[in-house]
Amino acid sequence: MTTLAHRNDTLTRDALAVLQPGFVGTTAPEWLLRRIGEGLSSVGLFGRNIASPEQLAALTAQLRAERDDVLVAIDEEGGDVTRLEVRTGSSFPGNYALGSVDDVALTRAVAAELGRRLAACGVDLNWAPSADVNSNPNNPVIGVRSFGADPQLVARHTAAYVEGLQSAGVAACAKHFPGHGDTAVDSHHSLPRIDVDLATLHARELVPFRAAVAAGSKSVMSAHILLPALDPDRPATLSPQILTGLLRRELGFDGLVVTDGMEMQAISATYGIERGSVLAIAAGADAICVGGGLADEDTVLRLRDALVTAVREGELPEERLADAAARVRALADWTREARGAASEPGAASQEGTAPGTGTGTGSGTGSDIGLTAARRAVRVTPGERDFGPLTSAPYVAAFTAVANIAVGDETPWGVAAELARLLPGTQTGSYADAAVDDVLLAAGDRRIVAVVRDVHRHTWMAQSLDALIAARPDTIVVEMGIDQAPPRGALHVATFGAARVCGQAAAEAVCARS
């Protein structure tokens with residue numbers, strides 16, 4: 001009886017250990033703390049959980065008061081995808097901006113500073129960087145989250161980012177294995193498919209992941225994508241050929257394999273999250289990410305019970321579940337040692353170094369490194385006629401499309417707020433269709449700054465710009481996404497991302513100030 005009870009307890013603890021759930025609120029709910037005490041080894045944080053650096057530090061301290069070795073994970077890519085600064089926009093440019101500069105020392109420094117801020121708030125696993133090669137410029141979900149379209153460029157910056165982040169004691173997570181860059185479908189909504197041969201996959205998609213493994217990335221995140229050349233039946237997250245055969249055996253990765261969010265439609269609408277989680281662990285995943293959408297105790301219990309039942313019914317080898325749980329605990333041990341004795345777990349950020357509190361002087365060190373990088377990324381192309389920079393308060397017309405779920409629509413972006421600081425009286429409006437007459441009426445005699453993201457993917461947006469510039473040739477265009485369209489307007493400013501610091505750098509550029 002004792003042996004059976006012990007086995008059941010071990011199974012339950014191991015099943016809890018492989019889950020990385022989210023929750024709602026800025027303090028840990030009672031159910032989460034109770035499950036941590038029972039064996040839950042990881043917690044995922046999202047923008048809804050963060051109000052300030054001080055609050056985040058208090059939250060992570062609350063979690064670790066229950067157990068010191070709990071992994072606290074976050075999706076903090078910087079750039080367009082930020083959780084630390086979800087309400088203000090990031091202090092760091094994203095991958096595409098860093099790739100456009102192509103200075104690996106700068107990328108390493110940016111990642112190190114981001115890691116330092118995360119560590120100061122008690123976060124020790126970051127689901128970043130994106131190691132995807134954005135070979136399809138129409139990709140709706142990767143885009144500026146990638147360092148670029150060149151596999152070698154993406155590889156060297158992925159390695160630098162991993163090294164920088166982990167130098168601060170925060171585990172990196174290269175994603176989305178084996179590469180989400182050549183997709184035209186968002187896996188949040190359905191299952192993407194990449195129909196290329198093995199030679200292309202090895203020469204393109206896998207190059208950055210090999211670099212991440214060589215750089216010592218502590219974790220890798222799987223993608224919910226179907227690659228028939230590797231596995232014609234199951235998406236990567238559920239494929240033994242891809243996770244065990246390719247990632248473990250061929251690439252030699254020995255760290256933690258974490259899934260992308262299991263509630264995404266690519267998995268949940270096809271397999272269901274319970275069945276999908278069992279198949280993922282069986283295939284070689286070690287941690288189940290869930291909580292971006294499903295963030296309650298019932299979800300945790302359903303997944304725990306599904307894993308335990310699968311072991312008891314012989315569908316999931318007990319040894320595989322135990323191995324997965326051991327890898328989670330091993331990473332937790334690494335992060336606990338990395339925190340070391342330098343500071344108490346969950347210690348608050350120092351004054352002037354917390355997100356959003358940098359001096360903004362552009363010195364290129366410490367908290368200024370993000371703005372320095374954003375300034376270096378900006379590219380300004382003059383138009384056919386020289387209308388010169390802005391000298392008086394303009395009208396900013398932001399042409400907006402629906403953001404993908406990974407980026408979210410709650411994070412502000414653009415240049416209006418930054419221009420208003422330089423040119424008080426700046427006015428702005430947001431447009432979701434080709435309402436050029438409305439823009440002209442609102443602008444009056446003010447000079448117009450048209451702000452777009454990925455204009456090449458939105459026909460209505462391109463038509464709006466063409467009509468606007470025909471009416472007002474001195475219009476300035478600021479592209480804050482993938483810069484694929486030909487330059488339009490008196491000045492064409494490419495920021496290669498929509499982070500707050502990218503907006504600041506663009507505002508400085510159009511005002512000819514720094």
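**Close-up 1. Ring pairs link Phe399, Tyr431 and Trp460 into a cluster.** The view is taken from a predicted model. A pair of aromatic rings is described by the distance of the centres and the angle of the planes. The count of aromatic pairs comes to six. Among them, Phe399 and Tyr431 form a tilted pair, with 6.0 Å from centre to centre and 40° between the planes. Phe399 belongs to strand β10 (residues 395–399) and Tyr431 to strand β11 (residues 427–431), so this pair ties together parts that are 32 residues apart in sequence. Phe399 counts as buried, at 1% relative accessibility. Tyr431 is buried as well, with a relative accessible area of 10%.

**Close-up 2. Six strands form an open sheet with mixed pairing.** The strand order is β9-β14-β13-β12-β10-β11. At the edges are β9 (379–382) and β11, each of which pairs on one side only. From one strand to the next, the twist averages 20°. Strand β13 (residues 476–479) and strand β14 (residues 491–494) run parallel and are joined by four bridges. Within this part of the sheet, Glu479 stands opposite Ala494 of β14.

**Close-up 3. Helix α15 (residues 436–443) lies across strands of the six-stranded sheet.**

**Close-up 4. Arg453 lies over the face of Trp413.** The distance to the ring centre is 4.2 Å.

**Close-up 5. Helix α17 (residues 500–510) is largely enclosed by the rest of the structure, because nine of its 11 residues are buried.** The buried residues are Val501, Cys502, Gly503, Gln504, Ala505, Ala506, Ala507, Glu508 and Val510. Their cover includes the helices α13 (369–377) and α14 (416–422). Strands β13 and β14 also contribute to this cover. Just after α17, Ala512 takes a positive phi of about 55°.

**Close-up 6. Three strands form an open sheet with parallel pairing.** The order of the strands is β2-β3-β4. Strands β2 (42–45) and β4 (125–126) are the edges, and each pairs on one side only. Two bridges join β3 (residues 71–74) to β4, and these two strands run parallel. Ala73 stands opposite Leu125 of β4.

**Close-up 7. Helix α12 lies across β2, β3 and β4.** The helix runs at about 90° to β3. Helix α12 spans residues 318–339 and contains Ala338. With a relative accessible area of 36%, Ala338 is partly exposed. From C-alpha to C-alpha, Ala338 and Leu56 are 19 Å apart in space, while 282 residues separate them in sequence.

**Close-up 8. Helix α10 (residues 273–283) is mostly covered.** Of its 11 residues, eight are buried. These are Ile273, Gly276, Ser277, Val278, Leu279, Ala280, Ile281 and Ala283. The buried residues pack against the helices α8 (240–250), α9 (265–268), α11 and α12, and against strand β8 (288–290). After α10 comes Gly284, with a positive phi near 130°.

**Close-up 9. Helix α2 (residues 30–38) packs with helix α11 (residues 297–312).** Two packed helices are described by the angle between their axes and the distance between the axes. For α2 and α11, the angle is about 30° and the axes are 10 Å apart. Angles under 35 degrees count as roughly parallel, so α2 is roughly parallel to α11. On the α2 side, the contact is made by Trp31, Arg34 and Arg35. The α11 side contributes Glu297, Val300, Leu301 and Arg304. Helix α11 is also among the elements against which the buried residues of α10 pack.

Note on methods: Residues are numbered from 1 along each chain as its sequence is written. This is a predicted model: local features need pLDDT of at least 70, side-chain atom pairs count only at pLDDT 80 or more; totals for chains, interfaces and linings use all residues. Side-chain values use heavy atoms; hydrogens and water are left out. Rings of Phe, Tyr and Trp (its six-membered ring) pair if their centres lie within 6.5 Å; planes under 30 degrees apart count as stacked, over 60 as edge-to-face and the rest as tilted. Buried means under 20% relative accessible area, exposed over 50%, partly exposed in between (1.4 Å probe, protein chains only). A charge sits over a ring if NZ of Lys or CZ of Arg is within 6 Å of the ring centre and within 35 degrees of the ring normal. Two strands pair if DSSP finds at least two bridges between them. Axes are lines fitted to C-alpha atoms, for helices over the stretch in contact, and angles run from 0 to 180 degrees between N-to-C directions. Contact means heavy atoms within 4.5 Å. Angles under 35 degrees count as roughly parallel, over 145 as roughly antiparallel, 65 to 115 as roughly perpendicular and the rest as oblique.
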